[in-house]
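Please find below a note on the model under review. It is set out as numbered points for a computational reader.

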Amino acid sequence: MEYVVSHIPQGTACNRRSAYKMIPTTITIHNTGNPSSTARNERDWLTNPSNARQASFHIVVDERQAIECIPLIENAWHAGDGSGVNSGNRTSIGIEICESGNYAKTLDNAAELVAKMLKERGWGTDRLRRHFDWSGKICPRLMYDGGNWTGWKTFVASVDAKLKPKEDVRMPEEVAVQVDGKKVGVGEIKDGVTKVPVRLVAEAFGANVLWDAKTRTVNITKKEAV
Ligand SMILES: [Zn+2]
């Protein structure tokens, strides 16, 4: 996905680029609320003379690109909770997710972008907010699901998945298994646990190994099976 920096000018109407300095502590997710507008449309709306609203945002994402409209070290007016120093407007990076085009692709782009931003800052998904969290507005509306917010949970999970380091899926490491200096088989280290074939080890100690399929239990006994 292409990342374009296209800042609206200082002095843009309605104080949309306020020039309050900001040290962001969270990232806030929105839907644009417009089923047909692209990221470029949303960016252009911020400098359209017929736009009479103060609302603004930092980044807008669609199926093909992300456009940064306001520097991430300045505030934007996206959270609907005023201008207090602890408001979402003054502390949070606002990301608008477009509703037009291939929405699944757009969502994946947004998750990719957000994961990258969290990673760069050493943050986890606990830093993510909905517009709803600041002002109670039903936004991001396409994640609302009648108040269940299933789309939101799915989105956060997909960001989490992208944050997980790739090493977590590395191949198991093979280990040799010896009993009293005699090799009895091969095991592996998987997820930090050494796993060995129980039959080979138990039998090397002279024990019987019985498999109870019904209860899915391995029974190791020194007595004869009955
Ligand atoms: Zn919103």
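1. Basis. The model is predicted: local features require pLDDT of at least 70 and side-chain atom pairs count only at pLDDT 80 or more, while totals for chains, interfaces and linings use all residues. Residues are numbered from 1 along each chain as its sequence is written, and side-chain values use heavy atoms, with hydrogens and water left out.

2. Domains. The assignment gives domain 1 as 2–168 and domain 2 as 173–221; such bounds come from an automatic or database domain assignment. Taken over C-alpha atoms, the centres of domain 1 and domain 2 are 53 Å apart.

3. Zinc site. The zinc ion has as protein donors His30 (ND1), His131 (ND1) and Cys139 (SG), at 2.1 to 2.3 Å. Donors are N, O and S atoms within 2.8 Å of the metal (3.2 Å for Na, K and Ca); water is not among the atoms, so sites may look incomplete. The donor spacing in sequence is H-x100-H-x7-C. Histidine 30 belongs to strand S2 (residues 26–31) and histidine 131 to helix H4 (residues 131–135), so that the pair, 101 residues apart, links distant parts of the chain. Helices (H or I, at least four residues) and strands (E, at least two) are DSSP runs, numbered from the N terminus. Histidine 30 and histidine 131 are both buried (under 20% relative accessible area; exposed is over 50%, partly exposed in between; 1.4 Å probe, protein chains only).

4. Aromatic contacts. The whole structure contains 4 aromatic pairs. Tyrosine 144 and tryptophan 149 form an edge-to-face pair, because their ring centres lie 5.1 Å apart and their planes stand at 80°. Rings of Phe, Tyr and Trp (its six-membered ring) pair if their centres lie within 6.5 Å; planes under 30 degrees apart count as stacked, over 60 as edge-to-face and the rest as tilted. Tyrosine 144 is partly exposed at 24% relative accessible area, whereas tryptophan 149 is buried at 6%.

5. Charge over a ring. The charged end of arginine 130 sits over the ring of tryptophan 149, 4.7 Å from its centre. The criterion is NZ of Lys or CZ of Arg within 6 Å of the ring centre and within 35 degrees of the ring normal.

6. Sheet. Three strands form an open antiparallel sheet in the order S7-S8-S9. Strand S7 (173–179) and strand S9 (193–195) are at the edges, each with a single partner strand, so one side of each has no neighbour in the sheet. Two strands pair if DSSP finds at least two bridges between them; S7 and strand S8 (residues 182–190) are joined by 7. Glutamate 173 has isoleucine 189 of S8 as its bridge partner.
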